[in-house]
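Reader: I have a model open and would like to go through some local details. Can we start with a side chain and work outwards?

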Amino acid sequence: MEPRVALLPSPFLGPLVWEQVAGRLSGHGLRATVPDPPRAAFASPADVLDWLVSALPSAGEFILVPHSNAGLYVPAIAARRWVRGFVFVDAVLPPRDGRMRVAPDALVNMLRTSVGSDGLLPPWTSWWPEEDVAALFPDRQSRNRIEAEQRRLPLAYLTSEVDIASGWDSTLWGAYVAFGDTYAEEIADARGRGWRTVVVDGSHLHMLSDPDGVAELLTEIILPWTKAPTVTPDG
């Protein structure tokens, strides 16, 4: 059976960011899946990982398509599920091995004074200037739906570190899709690994504004992988 495309949302947002793309991928002949909304609050990277892994059946093969902070969890997911490849979409790209902080110091320091009396960060769309946030959404209805799914996490989540297994990307197909140049370092890193790298003119939530274009691009990248034998890219 051909692998299923697992669209992985950021733990700060929710599955709805991928809803429209999932439907269009199915129309292109790809089996796409999106996690259900989490039932419990996240306190740590382990909680996020458990949520993402539990959304994938233990049987079957997957192509992972993480967005944003979900990219951090690809190595650990690949160690627990049968993964053929991955397409990082405007996402964190983990190093080849070692440890990685969930967020850079600059972001942590910016948010320290925003922590609520309950110890939780405000919703993700509250982190940035309103004019920047408004530009991420095609309309008010879309924004309302996405914001209703946002998760509030503790500041300690951002200062946590995640272990990266050595060689996690060495035998799998890989690609990187960027919406603009926000992830410039990741773009350069992906190119350095020899991955196909595509930069689209768009904002961080471009899949909401152009689900057809994003689905077509993902199909173009992924469909050949689904037809190929299950071997490493170098044969």
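Reader: Which backbone nitrogen does the side chain of Q150 reach at 3.2 Å?
Author: That of W124. The side chain of Q150 also reaches the backbone nitrogen of T125, at 2.8 Å. Both are polar contacts, meaning N or O atoms within 3.5 Å, where one must be able to donate a hydrogen and the other to accept it, and residues adjacent in sequence count only if both atoms are side-chain atoms.

Reader: Before I go on, what sort of model is this?
Author: A predicted one: local features need pLDDT of at least 70 and side-chain atom pairs count only at pLDDT 80 or more, while totals for chains, interfaces and linings use all residues. Residues are numbered from 1 along each chain as its sequence is written, and side-chain values use heavy atoms, with hydrogens and water left out.

Reader: Is Q150 buried or exposed?
Author: Buried, with a relative accessible area of 14%; buried means under 20%, exposed over 50% and partly exposed in between, using a 1.4 Å probe and protein chains only. Q150 sits in the loop between α6 and α7 (155–159). Helices are DSSP runs of H or I with at least four residues, strands are E runs with at least two, and numbering goes from the N terminus.

Reader: What else is Q150 in contact with, leaving aside neighbours within four places in sequence?
Author: F12, L13, P123, W124 and T125. Contact means heavy atoms within 4.5 Å.

Reader: On to α6. Which residues are buried there?
Author: In α6 (residues 140–148), S142, R143 and I146 are buried. Seen down the helix axis, the buried residues fall within an arc of 100°, so they line one face of α6; the arc is taken from the directions from the axis to the C-beta atoms.

Reader: What do they pack against?
Author: The buried residues of α6 pack against α5 (130–134) and α9 (206–209). The face turned away from that buried side carries the exposed Q141 and A148.

Reader: And at the start of α6, what does D139 do?
Author: One of its side-chain oxygens comes to within 3.3 Å of the backbone nitrogen of Q141.
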